[in-house]
Amino acid sequence: MHTAISAKLINIAAAALTGAALLFGSGAAHAANKIVARVSLSQQIMEVSVDGRPTFAWKVSTGDRAHVTPTGSFKPTRMHEMWYSKKYDNAPMPHSVFFSGGYAVHATYAIKRLGQPASHGCVRLHPDNAADFYQLVETFGATNTSIVIVK
């Protein structure tokens, strides 16, 4: 497990350094260090690209039949390493990246439900993946991050 986490962090750092080299190494005004997290509601997958390069693809759980996950393009509005839902009985929301009101990308302990709609509208990830995404957003910044949710 430690090796897998280290490899992920090395990939994140390499992507950051490559983006910084592109930004500062050339005379062109290159938009480096951009993260796009594309969530497909129909496929229940979140694909993360760094500077246009596919970097991660993770299973998610989004809103179930009674709860909608909003579609569109969003920027992170706030982040919490640990948050407890005020609306849903203090449910834990580790590594929360909020993008629209009370909607966030965050970790879930219900990992067996990943890959199928199961949430109250948030985008749920495996705890390891949520920690990686949180670190990416923290490293690259909310202004350089887009969360795009499509049907």
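The model is a predicted one.

**Stop 1: the five-stranded sheet**

Start by selecting strands S1, S2, S3, S4 and S9. These 5 strands make an open sheet with mixed pairing, and their order is S3-S2-S1-S9-S4. Now pick out the edges, S3 (53-59) and S4 (72-74). Each has a single partner strand, so one side of each lacks a neighbour in the sheet. From one strand to the next, the twist averages 20°.

S4 and S9 pair in the antiparallel sense, over 3 bridges. To see one of these contacts in detail, select Phe-74: its bridge partner in S9 is Ile-147.

In general, the strands of a sheet pair through backbone hydrogen bonds, in a parallel or antiparallel way.

**Stop 2: helix H2 on this sheet**

Select residues 127-140, which are helix H2. H2 lies across S1 (35-40), S2 (45-50), S3 and S9. Look along S2 to judge the angle: H2 runs at about 30° to that strand.

**Stop 3: the four-stranded sheet**

Next, select S5, S6, S7 and S8. Here 4 strands form an open sheet, again with mixed pairing, in the order S5-S6-S7-S8. S5 and S8 (123-125) are the edge strands, and each pairs on one side only. Neighbouring strands are turned by 25° against each other on average, direction ignored.

Then zoom in on S5 and S6. They run antiparallel and are joined by 6 bridges. Select Trp-83 and look across to S6: Met-93 stands opposite.

**Stop 4**

Most residues other than glycine have a negative phi. Two residues around S6 are worth a click.

First, select Asp-89. This residue sits in the loop between S5 (78-84) and S6 (92-100). Asp-89 is not a glycine, yet its phi is positive, near 50°. Is Asp-89 buried or exposed? Its relative accessibility is 77%, so Asp-89 counts as exposed.

Move on to His-95, which is in strand S6 itself. His-95 has a positive phi of about 50°, although it is not a glycine. Its relative accessibility is 21%, so His-95 counts as partly exposed. The cut-off for buried is under 20%.

Technical notes:
Residues numbered from 1 in each chain as written. Predicted model: local features only at pLDDT ≥ 70, side-chain atom pairs only at ≥ 80, totals over all residues. Heavy atoms only, no water. Pairing = 2+ DSSP bridges. Axes fitted to C-alpha atoms, helices over the stretch in contact; angles between N-to-C directions. Contact = heavy atoms within 4.5 Å. Buried < 20%, exposed > 50% of the residue type's maximum accessible area, 1.4 Å probe, protein only.
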